Amino acid sequence: MSHVLLEKTDHLSDTIYKYQKGKHVMATPSNLVLRSDIDFEAGKRETILGIWDEQIEGHKVNVKYMAEAKAIRGTGDPIPGSVQQIVSRARDGTKNVTELQRHAPPYAIELTSGEVVMAENVVLAIGTQGNPNLMRCPGADLPHVQYQLDDPTEYVDEHIIIVGTGDAGIENARGLAEDPAQRNTVSILNRGTEFPTAKDANVKALMADHEAGKLTIRTESETKSIEPGFITLATRDGELRIPCDRIIARIGSAPPRAFVEGCGIEFSSEDRSAFPKLSPVFESTAPGIFVIGALAGYPLIKHCMNQGHDVIEFIGGNTSLKPADEPIIAAKFAGLPGNRSTEEWLEFLRANVSILNGMNPLQMREFMLDSEARFYGPGEVIFERNAPGSSLFGIASGSVAVEVNPADPSITIPIEAGSIFGEVGLISGRRRGATIRAAEDTVVVEISRLAALKLQSQVPSAKKAIERISIERQLLQMFGSGLKREDVAPLVEAAQVQEKRAGEVIVQEGADDKDVYIVRRGSMIVEKQIGDRPVFLSYLPAGSYFGEMAAIDGSARTASVKAAIKSEVIRLPGEGFLALLDSNPALREKAMRDMANRRATTAFIESRKDEFAGAVDLYSQTAQFLVDNGIGEATDVLLIDEKLCIGCDNCEKACADSHDGLSRLDREAGKTYAHLHVPTSCRHCEHPHCMADCPPNAIKRGPDGEVFIDDTCIGCGNCQRNCPYGVIRMDAKPPKKPSLLEWMLLGKGPGPGEASYAWRKKAAEKEGGQKAKQAIKCDMCSGIDGGPACVRACPTGAAIRVSPDKFLTFTKLAEETQ
Amino acid sequence: MAGKAQAGGAKSRFKQDEKRRDSDHVSFLKHRGFRWLWIALGLSLATIAGYLLIDQQPRPNGGTWYGYTLGTIGFGLIIWLSLLGVRKRRITTGAWSLKAWTSAHVYLGLSLVVIGTLHTGFQIGWNVHTLAYVLMLLVIATGIYGVIVYATLPQSLSANRKAMTRAQMLDALTAIDRQLESAAQPLARAEADLVIAALGQDVFGGGALARLTGSYPDCATARACTGISRGSEAETRVVALLEKRSEQLAQIRGALRIRAALEVWLFVHIPLTIALIAALTAHVISVFYYW
Ligand SMILES: Cc1cc2nc3c(=O)[nH]c(=O)nc-3n(C[C@H](O)[C@H](O)[C@H](O)COP(=O)(O)OP(=O)(O)OC[C@H]3O[C@@H](n4cnc5c(N)ncnc54)[C@H](O)[C@@H]3O)c2cc1C
Ligand code: HEM
Ligand code: SF4
Ligand code: SF4
């Protein structure tokens, strides 16, 4: 086949080339066979790149290096009716739509050098890295301006300026200033005075380095011009020319989307995380342009390589090729009755589950990789009340029964084939609200949270359907007591889902609006102005409602409600809510009871405020402190009462000893307020940030609600960067230590707790080298009878693990512990 | 897979976890409404009552049947109390908590004063039996000190560290030192030597006594602070930095002092425990040997 491989750098596979030196590259998923003619198995970065270079040469691949594609245009006739709408969004949020008429192949690929390459078919495999944003001031093209830093120890005795205060810039600056022996003079430029795009932990460390004189933060400074040896800055106090031998610009990178859209390739939605629309053979909406690899939504190397193989087969005319993941998907249907082929099963699910109707066969395959199909006999439990779970279920055939009343399992509500259930867990991240059983022979598809999110971004109608059903169910579940779908239908119609930023006020004390809200995801804080200060009244987790008092008794708002974290609320018009109460005496009674309880809490705290102003302030501020430190989104979090902690670190030791010899908690690190300390340890967030971008989907929620990382982790470090609380560490599993008895009697080994780095390294070398570094974090002692070891091992009772809805109350926070 | 596993697994720990999340957030002393205090008090009162009511012949001592009973209880308790050191380090599965163990340890340990004393029948002499008794009292005395520091010092430890880790405190000191090094360049020889001496001094030096009392009479930083006049601009800057260094040192030393006070007694409590077990073994063997 006549071909050319265009590569913009001077080496192949730039993403892998940029991995840290010596990184152990993993070949997940292990059950997927490799089809490519080029070899790939887990191993060191250098080895893999070496093999590829060799084999690419051996296979006589025609590679053209330093050839960056800038634009791809069809040179044939305009394709009738094939017009691409490109939406670009400016910083201020305004949208701009341009139209692009697609032209038929052959394609002209224009390179940045000006050269043009002609091709009948184009395979885009450019990954998702994109291009770093470039500096634009005069002198920005000088050779000492760079956009990456591979090895900070490489530079000595230099004046170095870092531009950009995101995480990358901060990490680079700190790396260069870390070792005083390098004698670098490091400054980092910040356009403003805040660090909105960086992680809190990074900002703090940077500030500390600045205060310690290791480096300089220059706020309100921008580069004006660059010349060899010097840089001129525009600062608040005028221009400043300072010595500078090297500039490292980390001002973000532009995703390749604009370039890709410009080629005539449509994306599945405007969502930033959306991927190009593709046919089952990876062909995009531009005929003859194919998209594979990370850009197509498959970030694992093995997938990338297999698709490279398959796409060339397709282009070459092999239409009977089955996808490489065929056996994996076939295995998912193996246990089901009905003797259908994989294709028939996929079609069966697509056609019968209404939210899947809008998917194409390739999407169905990809969808199925993250989902499971299951069969349940009549009466079999699908999930139980209070089990954790964030997956969504679709009923392909049969039906299920929901046990709405935990006290009486015989009261059930049916859900019929075609519909979905489990959506509350999906949206709120909270535990299952009711036990669900199969009512007859039933086939369901369990859609992982990830697949469900993808589905919603790909198929807008599915998103709408899920939203509608979830509102209806939430109403039914919350108000319980014999409500039927017809009863809440008008309210569902009028309901509105609204997103709220952390800290955004939804109900303002004293205002006279009358809407009622339901917390759909996230959580809320209720505050009341008492005297001159806001006092914390209570914490509302997802699934609770608020604002009903004003609707019921027509009074002004008696307290303010604001979002503790980024949240979603369902807004219901007050009249609609009242109408529902009027037609439902039982519900009315329940609402009145809830209201009386809330009034009592307020009254209690108010009465306290008169007698014990200090205690109430302390309580209020402690609650706010905890919310600021992520407790608002936590499900289970470790706290240390420093009135009791003797600093023995037995909690850390116990953690290491019950988890492969590495501690997942740093007791000392973290913030403290009024002797309550939030150590650096996983909060098991309702919607874990760490899960957002894990190539092998190794981060999951376990049966006890714990967020854990399984063995398929490839050590890419994405989760570590994404966790806002800095609780994930990357480390190699050390060899086993000698037993406690040997240590006590014979002094063998490093003793209880995490062994020193030196010991681990030496012991690992004896066993033939360190294992690969993987992400490790607290797993809440999953599978360990007795529960979290940190709490059990604390001699004084200082270490406790709590959940916000139980702990953020006056009684708990004002408790006398000593 | 997850679905069915969930259904089965969910029950396993949910109740246990919910109870924990609703946790009784109180110290080991208050654990379960002073449960072990009441048990220990009951045990002590019962043994006292027994001592008073039971007619021991020829006279109350370790040799009567009641004496043997008390001795056995005491011996058992001491062995069990010693096992706390193992419990603390063996992180096995199961619903135990070290807090409950410590609570029981403290109160049952105190009850040994009563049980042990009654066991002697108030017969004291220069022999291995009395040695064991005295060692036991010493272990208990150190234990009481331990409880007092556990109850009072953590607050000051917390206040002193101001949410800084030990590593951060040392980093802050290193940073000041680096600034001092360059700031001291213009100083005259004698003054520069004072700064060099301050920088050269080991933070962790000063010996055990200094660490426990927090007083460092030989502190070179303090000497440099007073030894350098504030004449020139350079000198003023150096003195200011030295004062900052003193403050940082004070925080580190404060942490060292409090932690030392929290730990020092264990260096007596544990060796004495070992000595006690040795003496106790000798005591038991001799009793049976000379029976
Ligand atoms: C730190 C880290 C660790 C990882 N570890 C693993 C692991 O252990 N195992 C695993 O399976 N996955 C791992 N991944 C994921 C994996 O590396 C990527 O998803 C994968 O390399 C994507 O392959 P690709 O071919 O789609 O794109 P890329 O590997 O990004 O290749 C794209 C190539 O196209 C070139 N290019 C881009 N634009 C143009 C243009 N306009 N013109 C010409 N050439 C262009 C680039 O220079 C590059 O060489 C890791 C990712 C990271 C960031
Ligand atoms: C004869 C009686 C006693 C014996 C043999 C004994 C023995 C021990 C041992 C072996 C330890 C373990 C130390 C370690 O490994 O870190 C310990 C710890 C401790 N003991 Fe005792 N002890 C006795 C009485 C007491 C009494 C009466 C008190 C208190 C009033 C007490 C308070 C403590 C405390 C607070 C600890 C520390 C717990 C911890 O930090 O984990 N002990 N004791
Ligand atoms: S085990 Fe308890 S007392 Fe010891 S360091 Fe941890 S929290 Fe503090
Ligand atoms: S690792 Fe971080 S983001 Fe993930 S659950 Fe824990 S605290 Fe939340």
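Which domains does the domain assignment give for chain A? The answer is domain 1 (5-130 + 255-315), domain 2 (145-253), domain 3 (326-473), domain 4 (495-608) and domain 5 (625-813), with bounds that come from an automatic or database domain assignment. This is a predicted model, where local features need pLDDT of at least 70 and side-chain atom pairs count only at pLDDT 80 or more, while totals for chains, interfaces and linings use all residues. Residues are numbered from 1 along each chain as its sequence is written, chains are lettered from A and ligands numbered from 1 in the order in which they are written, and side-chain values use heavy atoms, with hydrogens and water left out.

On to the metal in ligand 2. Its iron atom has B:His105 (NE2) and B:His269 (NE2) as protein donors, 2.0 Å away; donors are N, O and S atoms within 2.8 Å of the metal (3.2 Å for Na, K and Ca). B:His105 sits in helix α5 (residues 98-120) and B:His269 in helix α12 (residues 266-289) of chain B, 164 residues apart; helices are DSSP runs of H or I, at least four residues. Both histidines, B:His105 and B:His269, are buried (under 20% relative accessible area; exposed is over 50%, partly exposed in between, with a 1.4 Å probe and protein chains only).

A:Lys454 is partly exposed at 23%, whereas A:Glu366 is buried at 9%.

Conventions. Helix = DSSP H or I, 4+ residues; strand = E, 2+ residues; numbered from the N terminus.
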